[in-house]
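Here are my notes on the model you passed along. I have kept them as numbered points so that you can check each one against the coordinates.

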Amino acid sequence: MFLWFAACAVVAVALVFGSSGVDYRVVALGSMLPLTENVSGSPWVLHTLAGSVALLVAVMALTAGRGRRLRRRRWIGLPIGTLVFLVASGAWSRTALFWWPLGGSGGVGHGVPPEFDRPLAVLVAFEFAGIAALAWTARRFGLSDPERRQAFLTTGRLTRPAERI
């Protein structure tokens with residue numbers, strides 16, 4: 001399951017923030033970053049709120065100072081993406097995992113990752129919903145236009161086409 005998380009992150013951030021300055025490629029990357037922990041077969045720190053907060057603090061610290069505003073704007077999408085992942089994966093429903101280390105030690109490194117703790121039919125449905133959401137995003141932001149698509153691929157920005165009257 002990859003497209004579900006990327007689509008949830010891009011759509012949620014586009015609708016909530018509505019900013020043309022966000023690098024949506026980094027947001028999508030952040031939403032899939034916790035999936036790398038699944039190599040171990042168990043959820044780890046990026047499946048926790050503390051992991052997303054630590055990533056946010058790291059981005060803020062590494063982009064502090066004069067002349068780094070554009071870098072910060074780009075990389076702030078990484079922790080935003082991981083936060084959307086926590087919602088889209090259902091990690092928030094596992095108290096010990098989500099609130100680790102405050103929720104106890106039973107979450108990190110234990111059990112099946114929450115994003116795969118569902119029947120296969122549900123996982124497939126989520127992936128199809130992700131495809132549909134990405135198609136909606138492409139249509140809403142006019143990515144069928146080669147110039148707009150190239151701008152997205154090079155800058156990560158999404159801007160709505162001018163409304164037709």
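Is phenylalanine 128 buried or exposed? Phenylalanine 128 is exposed, with a relative accessible area of 56%; buried means under 20% relative accessible area, exposed over 50%, and partly exposed in between (1.4 Å probe, protein chains only).

1. A word on the ground rules. This is a predicted model, so local features need pLDDT of at least 70 and side-chain atom pairs count only at pLDDT 80 or more, while totals for chains, interfaces and linings use all residues. Residues are numbered from 1 along each chain as its sequence is written, and side-chain values use heavy atoms, with hydrogens and water left out.

2. The fold. You will find eight helices and zero strands in the chain, where helices (H or I, at least four residues) and strands (E, at least two) are DSSP runs numbered from the N terminus. The C-alpha atoms fill a box of roughly 55 × 45 × 25 Å along the principal axes.

3. Overall dimensions. Buried residues account for 38% of the 165 residues.

4. The core. The largest nonpolar core has 27 residues, and Trp4, Phe5, Tyr24 and Leu158 have the most contacts inside it. Such a core is a set of buried Ala, Val, Leu, Ile, Met, Phe, Trp, Tyr and Cys residues joined through side-chain atoms within 4.5 Å. Helix 1 gives the largest share of this core, eight residues.

5. Leucine 158 in detail. Leaving aside neighbours within four places in sequence, leucine 158 is in contact (heavy atoms within 4.5 Å) with residues including Val10, Tyr24, Phe141 and Phe152.

6. The surface patch. Phe2, Leu3, Leu120, Val124, Phe128 and Ile131 form a nonpolar patch on the surface, with about 590 Å² of accessible area together. Patch residues have over 30% relative accessible area and no salt bridge; like charges are joined within 9 Å, nonpolar side chains (Val, Leu, Ile, Met, Phe, Trp, Tyr) within 5 Å. A salt bridge is a side-chain nitrogen of Lys or Arg within 4 Å of a carboxyl oxygen of Asp or Glu. Areas come from the Shrake-Rupley method with a 1.4 Å probe; for residues, only the protein chains shown count as cover.

7. Helix 7 in that patch. Helix 7 (residues 120-140) supplies the largest share, four residues.
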